[in-house]
Amino acid sequence: MNKVLLSIRDLQVRYGDRVALEVSALDLYEGEILAIIGPNGAGKTTLLYAVAGLVPLARGKILLRGQTVNPHQVSYRRRLALVLQEPVLLDLSVLANVLIGLRIRRLPRQEAETRALEALERLGVAHLAHRSARTLSGGEAQRVCLARALALRPEVLLLDEPFSSLDAPTRAALLADLRDLLRQSRTTTLFVTHDQDEALQLGDRIAVLLQGRVRQVGTPEQVFGAPADEEVAAFVGVENLVSGQVVAWSDGGVVVEVGSQRLEVAEEAPVGQAVWVCLRPEDVTLSPADQPLTATSARNRFYGRVVRVEPRGRLYHVTVDCGFHLVAAITPRSLQELGLTSGQEVAVAFKATAAHLLLRGRPAGRGI
């Protein structure tokens, strides 16, 4: 693991009597992209603005390279660069906009122009250097804003939902280009988004912020595959959260009794422990009811009846009653091939390694 570049300790932001943000500890490592995700109103932008010195702190401190800083001092802010949700450009040429920060830092003119043009080239908009900023499309304008930030070669790049105002194709193209650019340049980045797909594509690690508090920090696999508590699980899309009790050990895991069914989970927990079994819908497999349950290698296999079928973007979510409710995510093609309708009997299966246990009553906030 790289060295810690930026640290937050015991930080609190208040708006009047309301605590908007309370973070006991959060570290950003040199060269990593840390994605902050959470629902609207969770405090994501407040966290970013606190790091940027744009909101007052009720308490706490920020450390850069191990040294406590005053986030409101210009000397600290010049070590950062911030890109907002909406492109903010002056009524000047594209090149002049990218040069603004470099000239404030009193770089020699030739060096400043070289840096600015390099940044525009890396973002794929160098050909627009002499165009007026007001003639740009939304995607072009945001690329220019990113070029302006990266031309500063900041120690920390702060991104506040920079793709949210863009249409889907423009967003996808910019996200892919920025991911490659940040990886190549090893630019340390704190990236705020409400879009979990963006966080998965861009983040080396992900921090989940709920109700102003960091509830879990980890790799994408850890956060989405092993959420720290029920609320994190619900937020990251673990629709199957089934209450049960550990009744025995099994080969490589435990047996959990859920109603009349027994599930095998490849994790450890004490016998007698009340648990939640977490399972992502894409890890649940459906097949025709006349197919033998032994046809799959999954250790959890049983029959159930379809309760409802709901379209969810590019997939369908199928709720099945198999003594408890399970939701499976399937493609439109699978839906058509299975011919699923309410009341239809189906075979249900999932692997023991796909499920994750939460001990019921465990305090929130693991992984920080």
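This is a short tour of a predicted model, from a sheet to a helix and then to a core. Residues are numbered from 1 along each chain as its sequence is written, and side-chain values use heavy atoms, with hydrogens and water left out. Local features need pLDDT of at least 70, side-chain atom pairs count only at pLDDT 80 or more, and totals for chains, interfaces and linings use all residues.

**The sheet.** Select β2, β1, β4 and β5, which form an open sheet in that order with antiparallel pairing. Strands are DSSP runs of E, at least two residues, and helices are runs of H or I, at least four, numbered from the N terminus; two strands pair if DSSP finds at least two bridges between them. β2 (18-29) and β5 (67-69) are the edges: each has a single partner strand, so one side of each lacks a neighbour in the sheet.

Next, select β1 (residues 4-15) and β4 (residues 59-64), which are joined by five bridges. Ile8 stands opposite Ile62 in β4.

**Helix α3.** Select residues 94-104. Among the buried residues here are Val94, Leu95 and Leu102; buried means under 20% relative accessible area, with a 1.4 Å probe and protein chains only. The cover over the buried residues of α3 includes α4 (109-122) and α5 (138-151). After α3 comes Arg106, with a positive phi near 60 degrees.

**The core.** Which residues have the most contacts inside the largest nonpolar core? Select Ile37, Leu102, Leu120, Leu123, Leu157 and Val236. The core, a set of buried Ala, Val, Leu, Ile, Met, Phe, Trp, Tyr and Cys residues joined through side-chain atoms within 4.5 Å, has 53 residues. α5 gives the most to this core, with eight residues.

Terms used. Buried means under 20% relative accessible area, exposed over 50%, partly exposed in between (1.4 Å probe, protein chains only). Contact means heavy atoms within 4.5 Å.
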